[in-house]
Amino acid sequence: MDIHRLRNDVTVLADQTEIPGLGHLPVNAFVLHADQPVVIDTGLSLPDRDFVTTLSSVIDPVDVKWIWLTHPDRDHTGGLYELLDAAPNARVITTFLGMGILASQNPLPLERVYLLNPGQSIDVGDRSLTAFRPPVFDSPATTGLFDTRTGVCLSSDCFGAVLETPEHAAVADLADAPESELKARQLLWAGVDSPWVHNVHPDRFAAMLSELRRLDPSWILSSHLPPTRSVDTLFTNLLDAPQSDPFVGPDQAALEAMLAEFEPVPA
Ligand SMILES: [Fe+2]
Ligand SMILES: [Fe+2]
């Protein structure tokens, strides 16, 4: 996991994972250094990741006041329970559904939960954070957050892209890895992550995007894209998601063909 101090008040904990045949997906968690520090998501759930140790090089977990869980997918919850132990003063910002989904595996103690719906805000001392439902999402529990003081917008899975190389997925700023195919890669991810988008009328989808665009974000911090100030590009690229080609994953025959390629050649 790489650590990038993006701004005085934002650190990115940047990881990535390979999706065979598609490319390299950034997987970001964030620390918002507000008066009441906020950790946003807790990384991949792979056994070799140690989110709390990585986080500890950025902030003492004891000082963490909030853990904003954008949604309870396993690429966002990796260090959640360890962090709850290490950060006794922190409460988890989620929704009723987020709490419910987690309860099917490991219920959160109720006194550690703070339920915040899209449209509601929370004061974290020096700023207010507003929850919103991103234009694309893969969990009914998803909330992004908009920092009303700085315009920084954390969009969860929305605006993600599967990038061409691990080097591209690892850059600190998207501007450092110009992607000629960024639009195609954004649309591919939108279709993979939110296949329902193809059922949305393009006008309605455009209206959902404009609602967020009107907030005038200064940065887009997606869970699945290097941070960027090229806000207009991301919004314009995503406009075509309803009309983009639906993603169809490899089937069993394709999997067997792939495995056959890996079979050892007899000496
Ligand atoms: Fe997700
Ligand atoms: Fe995700």
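**Figure 1. The largest nonpolar core of this predicted model holds 64 residues.** Phe30, Val38, Val39, Ile40, Ile67, Trp68 and Leu83 touch the most other members. A nonpolar core here is a set of buried Ala, Val, Leu, Ile, Met, Phe, Trp, Tyr and Cys residues joined through C-beta atoms within 7 Å. Buried means that 20 or more other C-beta atoms lie within 10 Å of the residue's own; exposed means 12 or fewer, partly exposed lies in between, and C-beta atoms are placed from the backbone. Strand β3 gives the largest share of this core, six residues. In soluble globular proteins, nonpolar side chains tend to be buried together.

**Figure 2. Here are the neighbours of Leu83.** Leaving aside residues up to four places away in sequence, Leu83 touches Val39, Thr42, Phe51, Val52, Leu55, Pro61 and Ile67. Such a contact needs C-beta atoms, placed from the backbone, within 7 Å.

**Figure 3. Seven strands make an open sheet with mixed pairing.** Their order is β1-β2-β3-β4-β5-β6-β7. β1 (2–7) and β7 (113–115) are at the edges with a single partner strand each, so one side of each has no neighbour in the sheet. From one strand to the next, the twist averages 25°; axes are lines fitted to C-alpha atoms (for helices over the stretch in contact), and angles run from 0 to 180 degrees between N-to-C directions. Strands (E, at least two residues) and helices (H or I, at least four) are DSSP runs numbered from the N terminus, and two strands pair if DSSP finds at least two bridges between them.

**Figure 4. Now meet the hairpins on either side of β2.** A hairpin of two residues leads from β1 to β2, and these strands pair in the antiparallel sense over five bridges, with Val12 in β2 as the bridge partner of His4. Between β2 and β3, the hairpin has three residues, and Gly21 in its turn has a positive phi of about 85°. β2 and β3 are antiparallel over 10 bridges, and Thr17 stands opposite Leu25 in β3. Seven of the 10 residues in β2 (residues 10–19) are buried.

**Figure 5. Strand β3 (residues 23–32) also meets β4 (residues 38–40).** The two run antiparallel and are joined by three bridges. Val31 has Val39 in β4 as its bridge partner.

Residues are numbered from 1 along each chain as its sequence is written, and chains are lettered from A and ligands numbered from 1 in the order in which they are written. In this predicted model, local features need pLDDT of at least 70 and side-chain atom pairs count only at pLDDT 80 or more, while totals for chains, interfaces and linings use all residues.

How values were computed:
Contact = placed C-beta atoms within 7 Å.
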